[in-house]
Amino acid sequence: MNNLMDTAEYRNLPLLPIHEDDVHVWLTFPDEIHDPEILTAYQDIMDKEEKEKCRRYKFEDARHACLITRALARSVLSRYTEKSPESWAFSRNTHGKPEIVTDRSTPPLRFNLSHTKGLIACAVTLGHDIGIDIENTTAKSVNLDVADRFFSPAEVKKLRSFPVSEQKNRFFDYWTLKESYVKARGKGLSFHLDQFSFLLTQNRPLGIMFDKGINDNPEAWCFFRLKPTGDHIAAVAVHKGRLHNIQMNVTKTTPLLNEEPFSCIILK
Ligand SMILES: CC(C)(COP(=O)(O)OP(=O)(O)OC[C@H]1O[C@@H](n2cnc3c(N)ncnc32)[C@H](O)[C@@H]1OP(=O)(O)O)[C@@H](O)C(=O)NCCC(=O)NCCS
């Protein structure tokens, strides 16, 4: 079966329900997508600004990731509504966070994107602030000086207390959690990363603590850690407000082509 036939069939899938207490995480593996026909279909659903953004990347792999990120966001959002992938419009806040330009027919979907070597992710909720961060743990070596610079004193102390063999993964746990929170708040680099701390305590739910400088309520947040592959660590932050039980499910997709449930370790 050729890809375009697959695409037509895929577009006929019934709409996906999403509820207030759902977090849907969609994963795409860019190195698996090379078919020129599907890449052309991705080009065709981008708007002018997105095409320009992708063109600006100097390296082919970055252009490829940019194209697939756009296709992922557009195709995923269209799984929840009758809107076609090419019809979505986005705006960015002053710190660069993209949001959907809504009209009366659009449900209050919120989303956030993250890309790293070998993996692209899109997290979706109904109405909640959301942030996702993925990192390829093989791509970077870990230098604890970075933690000294960006993490809170409590986090640095805890990180240094782990056996050296565990420190790299713990570093990425903190890093992705901190990024996910900053991304959910949409404030980018204006945020003071050392003014909030994650509590990574075995057998206890993930928690966050804020210094006086940050006006936020720890109880209103829910965090997840994911291990999608042996090379990747991810975290998701959701502003759940008063909701108690936020459910997450993870789907692997080739945008516009197929999707399947993806099982991976999820810690809450
Ligand atoms: C831009 C930033 C939000 C995330 O950057 P990143 O981790 O390098 O990149 P990710 O792949 O996870 O996320 C990039 C995507 O997030 C989205 N994004 C951009 N600005 C955003 C913001 N202010 N808030 C939330 N999401 C944002 C965009 O969709 C972007 O992808 P796109 O430009 O292709 O659309 C910013 O927080 C940053 O540069 N952080 C790194 C700084 C740092 O020192 N972190 C230390 C962590 S302890």
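How many helices and strands does the protein chain have? I began with this count, and I noted seven helices and 13 strands in the protein chain. I keep in mind throughout that this is a predicted model.

**Entry 1: the whole chain**

I looked up the overall extent next, and along the principal axes the C-alpha atoms of the protein chain fill a box of roughly 55 × 40 × 35 Å. For 268 residues a compact globule would have a radius of gyration near 18 Å, and the protein chain, with 19 Å, agrees with that. I then checked burial and found that 36% of the 268 residues are buried. Of the contacts in the protein chain with a separation of 6 or more, 62% are between residues 24 or more positions apart.

**Entry 2: the sheet of five strands**

In what order do the strands of the five-stranded open sheet stand? I read the order as β4-β5-β1-β11-β12, and I noted that the pairing is mixed. At the edges I found β4 and β12 (258-261), each of which pairs on one side only. Ignoring direction, I noted that neighbouring strands of this sheet are turned by 25° against each other on average.

**Entry 3: Ile-68**

Is Ile-68 buried or exposed? I recorded it as buried, because 24 other C-beta atoms lie within 10 Å, where 20 or more are required. When I left aside its neighbours within four places in sequence, I found Ile-68 in contact with Thr-28, Pro-30, Ile-33, Tyr-42, Ile-120 and Pro-255. I also looked up Gln-43, which is 25 residues from Ile-68 along the chain, and their C-alpha atoms are separated by 9.2 Å.

**Entry 4: the sheet of four strands**

I turned to the other open sheet, in which four strands follow the order β6-β10-β9-β13 with antiparallel pairing. Why is one side of β6 and of β13 left without a neighbour in the sheet? I noted that β6 and β13 (265-267) stand at the edges and have a single partner strand each, so one side of each has no neighbour there. From one strand to the next, the twist averages 15°.

Between β6 and strand β10 (residues 232-239), which run antiparallel, I noted seven bridges. Asp-133 is a residue I looked up here, and it stands opposite Ala-235 in β10. I then found that α7 lies across β6, β9 (221-229) and β10, and that it runs at about 150° to β6.

**Entry 5: around the ligand**

Which residues are the closest to the ligand? I listed His-95, Gly-96, Lys-97, Ser-114 and Gly-188 as the closest, out of 21 residues that surround the ligand. The elements that I found giving two or more residues to this shell are β4 (109-116), β6 (130-136) and α7 (164-185). The largest share, five residues, comes from α7, the helix that I had already noted lying across β6, β9 and β10. By kind, I recorded seven nonpolar, nine polar and five charged residues in the shell around the ligand.

Notes: Residues numbered from 1 in each chain as written. Predicted model: local features only at pLDDT ≥ 70, side-chain atom pairs only at ≥ 80, totals over all residues. Near = placed C-beta within 6 Å. Nonpolar A, V, L, I, M, F, W, Y, C, P; charged D, E, K, R; others polar. Pairing = 2+ DSSP bridges. Axes fitted to C-alpha atoms, helices over the stretch in contact; angles between N-to-C directions. Contact = placed C-beta atoms within 7 Å. Rg over C-alpha atoms; globule rule 2.2 N^0.38 Å. Buried ≥ 20, exposed ≤ 12 C-beta atoms within 10 Å, placed from the backbone.
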